[in-house]
Amino acid sequence: MTDAPRHDASDGGRYGEAVFRPEQAGEGERIDFGALAYDDITLARLRALGAGPGWRCLDAGAGTGTVSRRLLAEAGVTSVLAVDRDVRFLTGRTVPGLDVLEADITAPGFTPGRFRLVHARFVLMHLPERDRLITALAELVAPGGVLVLSDAVDLTSDRTPGTPYTTVMRAMWQGLRATIGTDVTWVPSYPQLLRGTGLAHVAAEIHVPPLLPGSPISRFWVDTWERSRAAMLATGLADDAAVDAAVRYLDSDACASLSAGMLTVWGWKPGNPA
């Protein structure tokens, strides 16, 4: 995901600048590790909602385009508009039916049309204007269409037993919030926010991928920590030794922790499809 605006609450810049820079070696692979962990769940949900032939879809903050391409290849949708602020990971992987648009979804003039499916995954958690953006995305849904949003939920509560992993994850969330404005604390309010836009039949689910040595989600977190290490150390909650210990912990049989979950919520625009 590379689609984020400047965050006014800090001087760290925005996603893709202060951290997770797309030009940094291996950034596309980091995004793809997340895709390997979550794409099957995402595609199963989108197909269960009916995504298929005749559907025109918008994939906002499309990253490397794995969801966009699988919607075309597996669900058989008619077209997908993949949007990102930086499209370097999209332009080299085009397929029939896939249109790529370099644009900032936070821009007031972002109105690419109406779609049967509007989807965004791991996007809004990085954006400060989330209420306005949820309303704006809902307005892009055609009558009879569906808005589907997925974002992270932190499962390292104060009562979670301390492990090298939980120590570093707490430092990561705090460091990213201070640096680029990432905030997952409001994600559980997604269902109410979608309902507030006038969408109907709102529902939600959560998926927690297992932390197994060498698994895609474990490799995703290791790469994420490395790219956000400076922000994590600045919190004072973790030092280099703690980050290194967490990396070893994830690759060991001693690992007994919960990954961040992915909460997915959807809601339907009243009316009949055109």
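**Exercise 1.** Classify Val208 as buried, partly exposed or exposed, and state where the residue is located.

*Solution.* The model is a predicted one. Step 1: the relative accessible area of Val208 is 31%. Step 2: buried requires under 20% and exposed requires over 50%. Step 3: Val208 is therefore partly exposed. Step 4: Val208 belongs to the loop that lies between strand 6 (200–207) and helix 6 (216–227). Step 5: together with Ile206 and Leu258, Val208 makes a nonpolar surface patch of about 250 Å².

**Exercise 2.** Determine whether the distance between the ends of helix 1 agrees with its number of residues.

*Solution.* Step 1: helix 1 covers residues 27–48, which is 22 residues. Step 5: after helix 1 comes Gly50, with a positive phi near 110°.

**Exercise 3.** Describe the salt bridge between Arg70 and Glu74, and classify the exposure of Arg70 and of Glu74.

*Solution.* Step 1: side chains of opposite charge can pair when their charged atoms come close. Step 2: the N to O distance between the side chains of Arg70 and Glu74 is 2.8 Å, and the cut-off for a salt bridge is 4 Å. Step 3: both residues lie in helix 2 (residues 66–75), four residues apart, or about one turn of the helix. Step 4: Arg70 has 21% relative accessibility and is therefore partly exposed. Glu74, at 34%, is likewise partly exposed.

**Exercise 4.** Which residues are linked with Arg229 in a network of salt bridges, and is Arg229 buried or exposed?

*Solution.* Step 1: Arg229 forms a salt bridge with Glu226, and their closest N and O atoms are 3.1 Å apart. Step 2: the network links Glu226, Arg229, Asp240 and Asp244. Step 3: the relative accessible area of Arg229 is 14%, so Arg229 is buried. Glu226, at 48% relative accessibility, is partly exposed. Step 4: the structure as a whole holds 13 salt bridges.

**Exercise 5.** Classify the exposure of Asp183 and identify its side-chain contact with Thr185.

*Solution.* Step 1: Asp183 has 10% relative accessibility and therefore counts as buried. Step 2: the side chains of Asp183 and Thr185 are joined by a polar contact of 2.6 Å.

Conventions:
Residues are numbered from 1 along each chain as its sequence is written. This is a predicted model: local features need pLDDT of at least 70, side-chain atom pairs count only at pLDDT 80 or more; totals for chains, interfaces and linings use all residues. Side-chain values use heavy atoms; hydrogens and water are left out. Helices (H or I, at least four residues) and strands (E, at least two) are DSSP runs, numbered from the N terminus. The expected span of a helix is 1.5 Å times one less than its number of residues. Patches are made of residues with over 30% relative accessible area and no salt bridge: like charges are joined within 9 Å, nonpolar side chains (Val, Leu, Ile, Met, Phe, Trp, Tyr) within 5 Å. Accessible areas come from the Shrake-Rupley method with a 1.4 Å probe; for residues, only the protein chains shown count as cover. Buried means under 20% relative accessible area, exposed over 50%, partly exposed in between (1.4 Å probe, protein chains only). A polar contact is a pair of N or O atoms within 3.5 Å; within protein, one must be able to donate a hydrogen and the other to accept it, and residues adjacent in sequence count only if both atoms are side-chain atoms.
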